[in-house]
Structure formats: C-alpha cells, structure tokens
Amino acid sequence: MAPATPDTTALGVWPGTAYPLGATYDGAGTNFSVFSEAARRVELCLIDAGHRETRIPLDEVDGYVWHAYLPGIGPGQRYGFRVYGSFDPTKGLRCDPSKLLLDPYGKAFEGDFGADSAPYNFGQNSLGHTMTGVVINPYFDWADDRPPRRPYHETVIYEAHVKGMTVTHPAVPPELRGTFAGMAHPAIIEHLLGLGVTAVELMPVHQFLDDRILLDRGLRNYWGYNSFGYFAPHRGYAAGSSPAAAVTEFKTMVRAFHAAGIEVILDVVYNHTAEANEFGPTISFRGIDNAAYYRLVDDDPQHYMDYTGTGNSFNMRHPHALQLIMDSLRYWILDMHVDGFRFDLAATLARELHDVDRLSTFFDLVHQDPVVSQVKLIAEPWDVGEGGYQVGNFPVAWTEWNGKYRDTVRDYWRGRPATLGEFASRLTGSSDLYETTGRRPSASINFVTAHDGFTLSDLVSYNEKHNEANGEDNHDGEDYNRSWNCGIEGPTEDPEILDLRRRQSRNLLATLMLSQGTPMLLHGDEFGRTQQGNNNAYCQDSPLSWMDWTFMDTNADLLEFTRRAVALRAAHPVFRRRRFFDPAPEPDDLGDIAWFTPGGAPMTDADWETGFARSLAVFLNGDGIHEPGPRGERIADDSFLLCFNAHDQTLDFTLPDRRHGDAWSVALDCSAPTGRPAADPVLPACSTVQVPARCLLVLRRTA
C-alpha cells in the first residue's frame with residue numbers, strides 16, 4: 001500500500017524542472033513534470049490508499065511543460081493530473097478536469113479501471129475508476145549485466161507472450177505463472193537455450209487496457225496491443241503486490257536472460273493508444289492535449305485519423321509526441337536494458353501527411369540518436385491505411401518482418417504453381433527487397449507464423465479460420481491464410497493425413513531455419529501448439545492461446561526436429577551469410593550458389609518460368625563465402641545441397657558433378673520424425689537420391 005499523502009504545506013512545494021518529464025525520484029523527493037499546450041491550469045493530484053486526493057497547482061510552466069518538485073515524496077506515492085482547459089470537440093479540444101489523468105511518462109501504475117462509464121462521460125469524476133501513477137525507485141542492482149549484442153546473422157528470434165509462455169508450465173511455481181518472474185524461471189530459459197534461441201521478442205509489455213467491448217463479452221485483451229503506458233511494464237504481469245513490483249521483476253527477468261546470453265526485444269505499440277476514437281475513454285493523452293498527441297481529421301478535428309484499425313493514430317507530426325516515443329525508447333534501453341524493439345504497424349509512424357514517408361522525422365530521429373540507433377530495430381512494415389504495405393521500403397539500419405517471405409514459403413509448400421522464382425529469392429535473403437537500400441540479408445526477418453494468424457500446427461490443419469470463440473460470428477481475422485489442411489479440416493485420426501501434416505510442419509521449420517536472413521519462431525510451434533483454427537486469438541486469455549507444455553512429450557519428435565534444424569543453422573555459416581550471394585561468378589568459377597533441376601541440370605530461364613514446377617535443388621558452396629569473420633579471418637564451411645520437393649509424388653534427384661563434390665550424406669531429412677534418417681548412406685556425385693513427396697532433403701558434402 002502507498003503511504004498516506006504527506007502534508008505538502010509543511011514540506012513545501014519547490015519549482016522543480018521541466019525535464020525530465022514524468023515523476024522522477026532523486027532520493028530526497030520527486031520532480032513532477034507534464035506537457036500540455038492545451039491547458040490553462042494543471043493540478044498534480046497525490047492519491048492516498050483510500051482514494052483521497054490532495055491537489056497541488058503546478059504554477060511553474062516552461063515551454064508548455066508544467067512542473068514542481070516535492071521534497072519528501074518518494075517511491076510508492078500514487079498520483080495523477082487534472083488538466084483545465086477548453087472542451088470543444090469540434091475544434092479537437094477535450095480537456096476535462098473531472099478526469100484523473102495518467103502520466104504519459106508514468107513508470108508504474110496501480111489499481112484498475114472500473115466497470116462503469118466514468119472515464120467515458122464528460123464531467124464525471126474518474127478517481128476510483130481508473131488506475132493511478134506510482135512513483136518508483138529507479139535504483140536497481142544490475143550486477144555485471146551486459147547486453148549480449150549478438151549480430152543479426154547469428155540471431156534466432158522467438159516470439160513469445162509473457163503469460164502464455166508461463167501460465168501452465170509445471171516447473172514454474174504457481175505464484176510466478178503468467179508473470180515476468182515466471183519468464184525468468186530457469187525452466188523457461190533452459191527450454192529456450194535447448195532450442196538454440198538467441199533473442200526473445202515479447203509481445204506487448206507496456207501497460208495496456210482491456211477494451212470495454214471485450215469485457216462485456218467476458219473476454220480480455222490478451223495480446224496487449226492497446227497500450228497507454230509507454231514507460232511502464234504491465235502491472236498484470238507482476239507476481240509481487242507492491243506498486244512497483246512489475247518494474248523490479250521486469251529488470252530481474254532481463255538480467256536473467258542476459259546471463260544466459262539471450263537478448264530481450266519488445267513488441268512496442270506507438271502507433272495508437274488505448275483511448276480509441278471519440279467514443280473511447282479519457283485516461284491520459286486525450287485529456288492532457290488531444291490535438292498534440294493524436295492525428296485528427298484536418299477539416300473535422302472532432303474525429304480521429306485511423307491508420308491502425310483501432311480508432312486513433314499517434315500524431316507523428318507533433319514534436320512532443322515524437323519526444324515521448326524517443327524518451328520511451330531510450331528509457332527501455334538505458335534503464336530497463338532491453339536489446340531492441342519490434343514496431344507494431346510501423347508504417348503509421350512514417351505518416352507525416354497522408355502517405356508513408358520513408359524519410360519521415362521519426363526515422364531521422366532514430367538514426368541520429370546515439371542510443372536508439374544501436375539496438376535491434378524491427379518494423380512491421382504495414383498498416384491498414386492507403387499505401388500502408390511497405391515491405392522492403394524501410395530505411396538503412398531497420399530490419400522488417402518479411403510478409404512476402406511468409407506468403408511465398410506457405411504457397412510453395414502447399415503446392416501453388418508459379419512460385420519457384422520468388423521462392424528462390426526469399427530463400428536467399430530477398431535481395432530484391434533489401435539489397436538496393438544498402439541492407440544485408442539479415443534485414444529480412446523471416447517467419448512462417450506469428451502471433452497474428454494460424455500457429456504452425458493449425459497452418460497445416462485448417463483451410464478456414466475458426467474464430468467463433470471471439471464472439472464476432474467468425475467475421476474477425478484474416479480470410480486468406482495460405483493454409484492447407486492436408487485433406488481434412490481440423491482434428492483427425494487418419495494416419496496418412498497426420499503424417500503429411502507433420503511432414504509439412506518439418507518442411508516449413510527447416511525452410512525457415514536454412515533461409516538467409518533472420519529467422520523468427522512463434523512460441524509453441526516447436527512442439528505443435530494449436531489454437532484450434534483460431535487465427536485471431538487476441539482476446540483469448542485462456543487455454544486456447546496458452547502454451548500446453550504436455551505437448552513437449554506428445555510431440556517430442558517435432559521438438560527434437562526443431563532443435564536439430566536450429567543447430568544445423570548455428571553450426572554452419574553458409575546458412576547465415578552476412579552478404580548476399582554473388583549472382584554473376586567469374587567464368588569457370590563454381591560460384592557461391594547454384595540452382596539445379598531435379599534431373600541435375602542447371603536451371604534455365606525456361607525452368608524458372610515453368611508454372612507447374614514445384615521442385616528444385618540449390619547448392620550452397622561452403623568455400624565460396626567471401627565476407628570475412630569478425631577478426632578478418634576467412635570463413636570456410638561445408639557445402640550443402642538442398643533438395644526441395646513440393647510435388648505430391650516421390651522424385652529422383654540427380655546429384656551435381658564432381659566439381660561440386662565427390663560424395664554426399666544426409667544432414668536433415670524432413671521425411672524422418674526427428675530429421676535423422678534411418679540410414680546414412682554415402683551418395684557419390686552424379687548418383688540419384690529419392691526425395692519423398694512434399695519433402696526437403698538436406699545433403700552435406702563429405703568429400
């Protein structure tokens with residue numbers, strides 16, 4: 001519990017400083033600072049345990065930043081702001097002093113939102129029906145914590161949900177399940193290390209709000225893409241009861257991951273906030289300075305521009321909105337020690353006017369910032385606005401979720417025609433998307449599945465979405481999934497169907513791990529997590545979305561296969577090159593890559609353009625790696641032949657001539673449950689090897 005509010009008359013109120021914004025404790029007292037150009041008057045409200053408030057006018061104003069320093073006010077103190085100004089929605093003005101407003105720079109929040117309509121109704125006091133900010137102690141013993149700083153080409157990302165990963169794990173103590181402390185448990189870290197994961201990308205952990213429409217349906221905003229606290233770890237992910245428990249536990253989690261050599265990347269949602277459109281709640285930004293923080297319709301400012309499908313868009317044209325984002329990013333790097341960010345609907349952040357502008361102010365600020373520019377920056381390169389699909393168009397130093405990789409790999413393995421050429425491009429790092437912008441193969445964050453859409457198991461088990469549990473009559477979620485149920489929709493006992501589904505899962509996992517670029521694995525795909533065909537489980541805080549750890553035993557073969565595929569990538573730099581392949585080797589030079597038909601002939605233009613072709617082989621020359629190692633040394637590796645057969649029949653593949661290798665052995669067989677073949681014959685040059693229907697066979701040169 002927070003202490004009772006002190007007598008500020010006795011303590012005195014000092015002028016304080018305009019920067020840093022938010023509530024900053026220095027060991028003797030706390031500086032409070034909030035920006036509002038729309039305000040005529042601002043009050044700091046100190047809240048006691050009984051929801052009684054002491055209001056303190058902020059009389060000092062510098063550049064529209066209202067501030068004061070309160071000696072004796074320290075960690076645990078609850079607080080908020082009341083902003084007095086014009087309420088004229090037709091002009092975009094929405095000040096309402098009846099609302100206790102949360103600090104946009106708040107580092108911890110306490111309490112909950114009431115079920116009534118106080119945050120929604122003008123003139124109705126929201127104290128007791130909203131969360132409150134909490135002053136925190138910024139000091140933490142990081143010991144010898146150091147960022148792993150793993151280069152992209154050595155990175156394997158694992159997208160995870162804090163609660164979903166931990167809430168059912170039998171080795172995690174019940175009181176820690178669903179929390180940051182649960183994520184830091186050795187059992188979770190050991191699982192990730194066993195997979196070969198080098199970075200965990202956490203779905204949103206900024207403080208977020210459950211939508212009232214979901215609560216009315218008995219659901220929750222499970223994914224968390226509804227942020228309002230860009231400096232605060234989500235209170236619901238704290239195991240402890242103290243107001244600042246989430247902060248301490250988050251830092252402890254990061255320290256534990258770093259000790260294991262695993263980076264922490266945050267999925268951040270700066271494109272919109274939880275206040276939604278004009279009918280949403282007033283909890284922070286809207287009441288502080290609506291026109292500064294939100295994009296309003298130019299000729300009708302009572303309405304919000306919505307490039308995100310959530311009701312509002314953050315105003316990237318306003319300097320204080322930009323400052324908040326940059327301050328937030330630096331805070332998470334410097335104070336919370338995170339290693340990078342994945343920016344949700346990042347195209348929205350590039351909209352200064354209407355079009356997506358690759359050279360917008362936000363990207364300029366990021367590139368010039370000596371802190372933010374040095375961590376991993378991953379864009380989700382689209383939004384829902386016109387011209388919002390921007391895969392391949394982000395600036396240097398940014399990587400991107402490669403949606404074209406996902407779509408092409410899915411189409412190839414489900415047997416769609418005319419995909420060979422694009423499949424080859426995606427397999428080799430998508431140079432058509434990234435090379436001309438000065439980026440490397442690692443700019444392509446390759447994924448087949450992510451939180452948004454089918455899991456891997458469902459991708460090979462369902463043709464259609466099955467989102468009935470969401471309460472929207474199955475109208476929500478993507479209709480075109482590029483999935484294939486392998487012959488029967490949903491669960492089946494048919495052994496042939498089950499065998500095909502398992503093989504397709506292995507094909508997709510192996511392709512992901514052996515493609516140039518940076519692979520990302522969705523949590524649970526390593527052992528067949530299912531959402532029963534739900535491709536939009538954003539509101540399913542239930543076993544439907546949680547990890548079912550019994551699958552580690554049920555699908556132990558798939559787990560072992562995944563570990564083997566990740567280990568193969570880690571052991572061989574030929575699968576994770578820093579530079580793109582040389583498309584034009586010197587005459588008589590073997591080159592660093594070569595493409596063959598199943599018959600062993602080099603691929604011709606006609607072969608690439610054959611619409612019905614679904615099979616090919618690619619030679620990766622381990623002696624043809626031209627980029628040096630980290631100390632300038634020459635890199636040499638084994639050579640590999642990847643035989644892709646997406647055809648529905650077994651095919652004979654003829655191996656290349658002796659220039660490419662005298663003998664070959666099987667390194668990974670996607671027709672085998674764990675990837676290890678039953679036999680390991682030596683295959684001489686120019687001989688043939690049978691590749692089963694819908695199968696990837698990986699051969700390693702042995703002589």
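**Stop 1: Phe644**

Start by selecting Phe644, which counts as buried because its relative accessibility is 1%, below the 20% cut-off for that label. Keep in mind during the whole tour that you are looking at a predicted model. Phe644 sits in strand 26, which covers residues 640-645. Now show what is around it.

**Stop 2: the domains**

Zoom out and colour by domain. Domain 1 is 8-135, domain 2 is 152-452 and domain 3 is 582-702. How far apart are the centres of domain 1 and domain 3? Taken over C-alpha atoms, the answer is 64 Å.

**Stop 3**

Strand 12 (157-160) and strand 13 (199-202) run parallel and are joined by four bridges. Pick Tyr158 and you'll find Val200 of strand 13 opposite.

**Stop 4: strand 19 and its two neighbours**

Move along to strand 19 (340-343). Strand 16 (263-268) runs parallel to strand 19, and four bridges join them. Strand 20 (376-379) also pairs with strand 19 in the parallel sense, again over four bridges. Which residues pair with Arg342? Asp267 stands opposite Arg342, and in strand 20 the bridge partner of Arg342 is Ile378.

Now look at the two faces. In a regular strand, side chains alternate between the two faces of the sheet. In strand 19, Gly340 and Arg342 are on one side, Phe341 and Phe343 are on the other, and all of them are buried.

**Stop 5: helix 8 against helix 9**

Select 319-334 for helix 8 and 361-368 for helix 9. Two packed helices are described by the angle and the distance between their axes. Here the angle is about 35° and the axes are 11 Å apart. The crossing is right-handed. Show side chains and you'll see Leu322, Ile325 and Met326 of helix 8 meeting Thr361, Phe362, Leu365 and Val366 of helix 9. By class, that contact has six nonpolar residues, one polar and no charged ones.

**Stop 6**

Most residues other than glycine have a negative phi, and most peptide bonds are trans.

- Leu345 has a positive phi, near 45°. Look for Leu345 in the loop between strand 19 and helix 9. Buried or exposed? Leu345 is buried, since its relative accessible area is 12%.
- Cys486 isn't a glycine, yet its phi is positive at about 65°. Find Cys486 in the loop between helix 13 (456-459) and helix 14 (495-514). With 4% relative accessibility, Cys486 counts as buried.
- Finish at Pro20, in the loop between helix 1 (8-11) and strand 1 (22-25). The peptide bond from Tyr19 to Pro20 is cis, with omega near 5°.

Conventions
Residues are numbered from 1 along each chain as its sequence is written. This is a predicted model: local features need pLDDT of at least 70, side-chain atom pairs count only at pLDDT 80 or more; totals for chains, interfaces and linings use all residues. Side-chain values use heavy atoms; hydrogens and water are left out. Buried means under 20% relative accessible area, exposed over 50%, partly exposed in between (1.4 Å probe, protein chains only). Axes are lines fitted to C-alpha atoms, for helices over the stretch in contact, and angles run from 0 to 180 degrees between N-to-C directions. A crossing is left-handed if the near helix is turned anticlockwise from the far one by less than a right angle, and right-handed if clockwise. Contact means heavy atoms within 4.5 Å. Ala, Val, Leu, Ile, Met, Phe, Trp, Tyr, Cys and Pro count as nonpolar, Asp, Glu, Lys and Arg as charged, and the others, Gly among them, as polar. Two strands pair if DSSP finds at least two bridges between them. Domain bounds come from an automatic or database domain assignment.
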